[in-house]
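Biologist: I would like to go through this model and ask what stands behind the labels. Please set each value against its cut-off.

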Amino acid sequence: DGCGHTVLGPESGTLASINYPRTSPNSTVCEWEIRVKPGQRVQLKFGDFDIDDSDSCHSSYLRVHNGIGPNRTEIGKYCGFGFQMDGLITSKSNEVTVQFMSGIHTSGRGFLAAYSTTDKSDLITCLDNASHFSEPEFNKYCPAGCVIPFADVSGTIPHGYRDSSSLCMAGVHAGVVSNTLGGQINVVISKGIPYYEGSLANNVTSEVGPLSTSLFTFKTSGCYGTLGMESGVIPDAHITSSSILEWPNQTGQVNIWKPENARLKRIGPPWAAFISDEHQWLQIDLNKEKKITGIITTGSTLAEHYYYVSAYRILYSDDAQKWTVYREPGMDKDKIFQGNTELYQEVRNNFIPPITARFFRINPVKWHQKIAMKVELLGCQFSIGRAPKITLPPPPQNKNDEKSADFMDDVIHSVKTSLQTDKTTFTPEIKNTTVTPSVTKDVALAAVLVPVLVMVFTTLILILVCAWHWRNRKKKTEGTYDLPYWDRAGWWKGMKQFLPTKSAEHEETPVRYSSSEISHLRPREVPTMLQTESAEYAQPLVGGIVGTLHQRSTFKPEEGKEASYADLDPYNSPIQEVYHAYAEPLPVTGPEYATPIIMDMSSHPSTPLGAPSISTFKAAGNQAPPLVGTCNKLLSRTDSAASAQALYDIPKGQPGPGSADQLVYQVPQSVAHPAGSKDE
């Protein structure tokens, strides 16, 4: 009468004293006989130990024995408040007896222990939680029987569980281990969340939890995707039932709760059976064999119809003719799954191990008012590994046909045997509901080669495009016309050849230049300079060098000694220093006409020029400017004052020639008149 919570599985289990974690009653006793497979040994671990030791383990104690029965031998006898036992208690055989004795005492919780075979070196108890471990990720073995009423779980999958939750109980809730069998868990620790949801799954109720510093989740195979009830992948024709509820409403319209209505989260009425008894069923055809790992159910989800199924069995088949009832391994009874406790809440149950079948049937055994439910199946594609391609060796060349036939029979028999023994199944790690085709080596090779080839071709195309772009850019930088080399003061003068320039007629702002820039040039270089850099300098006033002077060209005479030409023909004259009469333009605010350039040409002979030059300057009085050569020809065309006046431009802004007071001209400097000129 001293036995408390007890689950003894084939490889692991959990045992506790009566009333644990409260004080155990006086004068109680309990013995547990534990057996595992022959050849294995048992290891025992205590999660909590609190037994009165006031009489030195005389009346209250825990004793562990090797073996079962009268031939058993004692391993140890233990008692004490808050006793901490480091390590594990290990048996010498596959059988162990645990004896608990509770005498007269006033306090003491008793004990809770877990056992497993010795190959489970990472065994933990049902009381361990994530805060007991510092690693961010670890593997542990949970014993069977960790669904206990005195452990807490907060959270759910996939969001995670609060760090105060029991690891093994949360593993049962998540569906990664079985409460009947136990199993390995892979735990991952991460940052906590402000709120943990509650749910009911695998007969474990997870409570709502507050903020915590950390949480944990489980690594799984990923075979927990929906199989198509909610999404509609499973067609209506593949959902059938034993009966259908039909009933008229108040308006006389007939309501039919058909089996295709049994889709989870689908708005509207559910499937309901016409008769509520244990012979009703809902059947789903998955179209082909699938790996089914769980099921989610709800009630009617209609407030005015408070119907739901509270317990059910599961059957499965490959041909819809022969049905198998789901049982847990090692059990000889059908497993009854806990269903809903109300009509809205989703309740999940997992199958450990998974079911592999095409046809799936739900058989309600308990319900509230009427059998009504909505369903979704969890799982993934079930794939069978390909058998290797077999090549039969040629039979030995023997004249004896019987020996050859025997040899072939032996080969075929060995091949059949290898196929039967080597046949394996594979579980793809997917999380979706779509069917994943079986992956072969060819597909894997193509999955690697295709991206590599795409990257190589993309790289080549980029290289070609870059080379073509660079080549075109180089051509553009070279240009069709290259910049010539001039004897210039700077690169900007040459660049101005390619810039758009305004004509003299529209150019209002004068540009100032200094004659010092060209003072070092020789006479033979002057024409070239004048012709190539016409945009930079104004043309001279002497017609012997430049045939025509642009209109509105205004010049100011150089101060100091006037420059003179050594020869009117610069190509036939000897090389000597010549300073050309270039002047800076007048400022914008200056007078309209500038002072003419006075040159001493008396020492040069008169040379007729091919083309006369036109001057825009007026001499003092009515006398024409006496320039040698050019001036003589001008005087021959201006014998009268009237003709002399025609040579002068009308001042800007004036309607025509007027009085001398109205015309503002600068007085030319006095020059020596050549012989032959007359005064009017």
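Biologist: Why is Asn287 called partly exposed?

Modeller: Asn287 has a relative accessible area of 49%. Buried means under 20%, exposed means over 50%, and partly exposed is what lies in between (1.4 Å probe, protein chains only), so the label is partly exposed. This is a predicted model, where local features need pLDDT of at least 70, side-chain atom pairs count only at pLDDT 80 or more, and totals for chains, interfaces and linings use all residues. Residues are numbered from 1 along each chain as its sequence is written, and side-chain values use heavy atoms, with hydrogens and water left out.

Biologist: What is the phi of Asn287, and where does Asn287 lie?

Modeller: Its phi is near 75 degrees, a positive value in a residue other than glycine. Asn287 belongs to strand S22 (residues 282-298); strands (E, at least two residues) and helices (H or I, at least four) are DSSP runs, numbered from the N terminus. Most residues other than glycine have a negative phi.

Biologist: What makes the bond between Ile157 and Pro158 a cis peptide bond?

Modeller: Omega is about 0 degrees there. Pro158 sits in the loop between strand S11 (155-156) and strand S12 (160-162). A cis peptide bond also joins Ile352 and Pro353, with omega about 5 degrees, and Pro353 is in strand S26. Most peptide bonds are trans.

Biologist: How do you know that Glu74 and Arg63 form a salt bridge?

Modeller: A salt bridge is a side-chain nitrogen of Lys or Arg within 4 Å of a carboxyl oxygen of Asp or Glu. The closest N and O atoms of Glu74 and Arg63 are 3.2 Å apart, so the pair qualifies. Glu74 lies in strand S6 (residues 73-78) and Arg63 in strand S5 (residues 61-66), so the pair ties together parts that are 11 residues apart in sequence. By this rule the count comes to 15 salt bridges.

Biologist: What makes Arg313 and Asp334 a link between distant parts of the chain?

Modeller: Their side chains meet in a salt bridge of 3.2 Å, N to O. Arg313 is in strand S23 (residues 308-317) and Asp334 in the loop between strand S24 (324-325) and strand S25 (337-338), 21 residues apart. Arg313 is partly exposed, at 24%, and Asp334 is partly exposed, at 26%.

Biologist: How do you know that Arg361 has no salt bridge?

Modeller: The nearest side chain of opposite charge, Asp319, is 9.6 Å away, which is not within 4 Å, so no salt bridge is counted for the buried Arg361. Here Lys and Arg count as positive and Asp and Glu as negative; His and the chain ends are not counted. Arg361 lies in strand S26 (residues 347-368).

Biologist: Why is Leu445 called partly exposed?

Modeller: Leu445 is at 49% relative accessibility, between the 20% and 50% limits, so the label is partly exposed. Leu445 is in helix H3 (residues 441-478).
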